[in-house]
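Trainee: Could you take me slowly through one part of this model, the network of salt bridges, and tell me which residues are linked in it?

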Amino acid sequence: MTNSPPRSPITRLGIPPTLAWGYLGLLLFMIGDGVESGYLSPYLLDQHLSESRVALLFTVYGIAAGIAAWLSGVLSDLWGPRRVMWAGLGIWGVFQLLFLTVAIPLGSYPLMMCGYGLRGLGYPLFAYGFLVWIAGVAPRARLGTAMGWFWFAFTGGLPTLGSLVASGLIPHIGAYATLWAALVLVAAGGLIALLLVRDDHGGRRPRGDGEGPVATLVGSVTILWRNPRVGVGSVVRVINTASQFGFFVILPIHFTRTVGFTLTQWLHLLSAMFATNIFANLLFGVVGDRFGWRRTIAWFGGAGCTLSTLLLFYVPHAAGANFSLALLVAAFYGATLAGYVPLSALVPTLEPRHQGQALAALNLGAGASTFVGPAVVALFVGPLGVEGVVWIFAGMYAVSWALAHFLKLPDEPGTADTARRGPEPAAAPAPA
């Protein structure tokens, strides 16, 4: 009897060993991308831009990011993930240089719109290109954990560690120089990932190649009804973070003006919420591999967010400005948002021959959530108030719990039972 070779520490953690440098590069890239997240808006106001112009600039950036998130999967099917990541790094660097060397010094709003707005294409191509790469490399039984590490690196950089870097650098080198430091971090992270990762899947077109570019592009949309389960997964992804973007609009005002917290206390609650979310992303990736991807999404994501959304409103509403209780429910809400992490493993497995298209559909859902949440607030906060909006979001999460039950795979991949059974036997050849 032969003993299998011992697994490396990286493998035991659930990180594909050939992609380990990619995770580090992604973390550094997203730290650089997140440096500006806490201060760019007031900095631009200090450069004599009006609030409406700053808002429009950020809107264009968001639209570009949403388009790139969708295209990242499509282009990965056409070019391979490595080339998509190179494109993302190049776009980020070129347009950041335009923004820093020309647009800001000249105070030119059209050039700011071009430099900063189009830079929004960069980070989704880099980050989500790597997501497709992970989907093609990670063993199916550990894919949820591998995706958990992806989201750990992604959210750890943007906005958490990025904002922390900014808070440390700005007092010493100033806001403008800190934007240059962000470029250095992005370049370092991008080059680490792209030069040190030696894995053939990054340059290889996924299965299902032979389709032309137009067919692949159209397929990333038609997959929503060609494979209805992928469409359901995309809808669940919309629901996942819709409340998050909606709460960004109403909760700062509600917590400070109605509940009675100071702005500093609210910011601390927000920090706790997303610090918890970072580690929960990793936790629920591991849980998904053991408990089952579908069940994790349904119970920890759908049911968990239904409860945590209501608690986030009603506990401070009943207890007043009790920071300790508010901290607990904020952390609970941040943790349950991560219950949807296994979607990144489940959805591409639903369409193994077109993983890039499936992830494009999932990313389309992620982009849609950025305006669905605020739209719910805009439509219903007037007639229903904050409480009514909270119940709408809770209802959406309950719907996602029900929808998640339609995402079951034939052999329920990622569960402990599947891992124990081992690979499925090959099917007998069809009769001639």
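Mentor: Asp33, Glu36 and Arg119 are the residues linked in a network of salt bridges, a salt bridge being a side-chain nitrogen of Lys or Arg within 4 Å of a carboxyl oxygen of Asp or Glu. This is a predicted model, in which local features need pLDDT of at least 70 and side-chain atom pairs count only at pLDDT 80 or more, while totals for chains, interfaces and linings use all residues. Residues are numbered from 1 along each chain as its sequence is written, and side-chain values use heavy atoms, with hydrogens and water left out.

The structure holds 2 salt bridges. In the one between Asp33 and Arg119, the closest N and O atoms are 3.5 Å apart. This pair links distant parts of the chain, since Asp33 belongs to helix 2 (residues 20–34) and Arg119 to helix 6 (residues 109–119), 86 residues apart; helices here are DSSP runs of H or I with at least four residues, numbered from the N terminus.

Arg119 also meets Glu36 in a salt bridge, at 2.9 Å from N to O. Glu36 sits in the loop between helix 2 and helix 3 (40–46) and Arg119 in helix 6, so this pair ties together parts that are 83 residues apart in sequence.

As for accessibility, Arg119 is buried at 0%, where buried means under 20% relative accessible area (1.4 Å probe, protein chains only). Asp33, with a relative accessible area of 3%, is buried, and Glu36 counts as buried at 6%.

Note on methods: Helix = DSSP H or I, 4+ residues; strand = E, 2+ residues; numbered from the N terminus. Buried < 20%, exposed > 50% of the residue type's maximum accessible area, 1.4 Å probe, protein only.
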